[in-house]
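Please keep the sequence and the structure in view while reading.

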Amino acid sequence: MHAPLPRPDPAGLIAWYDRHARVLPWRARPGEPAEPYRVWLSEVMLQQTTVKAAIPYFHAFTTRWPTVESLAAARDEEVMAAWAGLGYYARARKLLECARVVAGAHSGRFPDQEDALRALPGIGPYTAAAVAAIAFGRRAVVVDGNVERVIARLFAVDAPLPGAKGAIRALAATLTPLDRPGDYAQAVMDLGATLCIPRRPACGLCPWRGACRAAARGDPATFPRKSAKAARPLRRGVAFWVTRGDEVLLRRRPPKGLLGGMTEVPCTPWSETFDLAEAATHAPIAGLAWRTLAGAATHGFTHFELEVTVMAAAAAPGTPAPDGHWWHPTADLARAGLPTAMAKIARQAGVQVTRHQRRPPRP
């Protein structure tokens, strides 16, 4: 019979974090309080987004809107355009709504309690816990994807995700300390991001290896268990790439719904039963000589896959833009605020949309 494993030691993990913490632009140094606005902004950006992808957006936002009051004063379309490429655009709308509530009802100060944070627009249980712990030093159970993986391996949780989320959170709660809870939360995140990675975890370097049941079993990479994913349906549509000299025709999507309020290349509706022969009835300008470009632009949304055929045509000089549309310089599409799906359509038409330039994180 094997000897029982020791209990994972939060203090030991925090000591590891003091030596190995990742340097990220929204973080304070270990042991120092973080600025609530920067913590909140980063956590909203990091929902369904990687750290690498979020960093240039974080730099751009905090340069343009360095405080929650300045963000609250921004126009909706400016924020949506700045968010373009991060995906899950409802986050951007809630981000602005939350900033305005904090700037107004809370005089520019984020609440320092988890329940009060959850009452703000767009802040769910995870974000409230992260802000409470990291920005205010409150003991809160912070569980993101990295933390789920670490806890599932530590305790060898055999139940598959997503059903095991409640059990994993309960186990995480047993380890969350009163002392330095924000640094502890970030330490577990860093452990999952740098050592306890999905494939080939670096168990030999892990400060919790001696307490990890999955490591003791010799199969850590098999955790967390996951239920089989259902295949996502395929929707199709057509995008109309209309040029007028060195300009291209754009429009704004309705404020509600998928990609709400974002700039788009004019498109047909997207449907699982789309009929290409009907595309011309949706053309933004009638009477043009359309040609169908080879291939298709593809993009994965949360609940479906999208395949868009691109039809291109050139409008005569002086052609006015239809109502709700405008002509935009093709060479400056990076400033148009195109979401990723639309940037792929532009690429299909031969135009590359360049996102934010990377900047190194602050020391």
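This is a predicted model: local features need pLDDT of at least 70, side-chain atom pairs count only at pLDDT 80 or more; totals for chains, interfaces and linings use all residues.

H8 is mostly covered, with nine of its twelve residues buried. The buried residues of H8 are Thr 127, Ala 128, Ala 129, Ala 130, Val 131, Ala 132, Ala 133, Ile 134 and Ala 135, and what covers them includes helix H2 (36–46), helix H7 (114–118) and helix H11 (181–194). After H8 comes Gly 137, whose phi is positive, near 70 degrees.

## Nonpolar cores

The largest nonpolar core has 106 residues, and Trp 40, Phe 61, Trp 208 and Leu 333 are those with the most contacts inside it. Helix H8 (residues 125–136) gives the most to this core, with eight residues. A second, separate core of twelve residues includes Ile 285, Leu 288, Ala 313 and Ala 315.

What does Leu 333 touch, not counting residues up to four places away in sequence? With that exclusion, Leu 333 touches Trp 241, Val 248, Leu 250, His 328, Leu 338, Ala 346, Val 351 and Val 353.

## Helix H10

In helix H10 (residues 165–175), the residues Ile 168, Ala 172 and Leu 175 are buried. Seen down the axis of H10, its buried residues fall within an arc of 50 degrees, so they line one face of the helix. The cover over these buried residues of H10 includes helix H1 (10–20), helix H9 (145–154) and H11; H11 is also included in what covers the buried residues of H8.

## Aromatic rings and charges

A pair of aromatic rings is described by the distance of the centres and the angle of the planes. The count comes to nine aromatic pairs. Phe 240 and Trp 290 form an aromatic pair that is edge-to-face, at 5.2 Å centre to centre and with 65 degrees between the planes. Because Phe 240 lies in strand S1 (residues 234–244) and Trp 290 in the loop between strand S3 (263–264) and strand S4 (291–292), the pair ties together parts that are 50 residues apart in sequence. Phe 240 counts as buried, at 1% relative accessibility, whereas Trp 290 counts as partly exposed, at 23% relative accessibility.

Tyr 37, Trp 40 and Phe 110 form one aromatic cluster, and Trp 40 is also one of the residues with the most contacts inside the largest nonpolar core. Charged side chains are placed over rings as well: Arg 235 lies over the face of Phe 304, at 4.0 Å from the ring centre, and the charged end of Arg 253 sits over the ring of Trp 270, 5.0 Å from its centre.

Ala 193 is found in helix H11 and, at 31% relative accessibility, counts as partly exposed. Leaving aside residues up to four places away in sequence, Ala 193 touches Arg 22, Asn 146 and Arg 149. Between Ala 193 and Phe 61 there are 132 residues of separation in sequence and 24 Å in space, C-alpha to C-alpha.

Is Cys 206 buried or exposed? Cys 206 has a relative accessible area of 19% and is buried, because buried means under 20% relative accessible area. The place of Cys 206 is in the loop between H11 and helix H12 (213–217), where Cys 206 touches Leu 191 and Leu 195, not counting residues up to four places away in sequence. Cys 206 and Leu 259 are 53 residues apart in sequence and 41 Å apart in space, C-alpha to C-alpha.

## The chain as a whole

The protein chain has 13 helices and seven strands, and its C-alpha atoms fill a box of roughly 80 × 50 × 35 Å, taken along the principal axes. Of the 363 residues of the protein chain, 48% count as buried. Among contacts in the protein chain with a separation of 6 or more, residues 24 or more positions apart account for 69%.

Note on methods
Residues are numbered from 1 along each chain as its sequence is written. Side-chain values use heavy atoms; hydrogens and water are left out. A nonpolar core is a set of buried Ala, Val, Leu, Ile, Met, Phe, Trp, Tyr and Cys residues joined through side-chain atoms within 4.5 Å. Buried means under 20% relative accessible area, exposed over 50%, partly exposed in between (1.4 Å probe, protein chains only). Helices (H or I, at least four residues) and strands (E, at least two) are DSSP runs, numbered from the N terminus. Contact means heavy atoms within 4.5 Å. Rings of Phe, Tyr and Trp (its six-membered ring) pair if their centres lie within 6.5 Å; planes under 30 degrees apart count as stacked, over 60 as edge-to-face and the rest as tilted. A charge sits over a ring if NZ of Lys or CZ of Arg is within 6 Å of the ring centre and within 35 degrees of the ring normal. The arc is that of the directions from the helix axis to the C-beta atoms.
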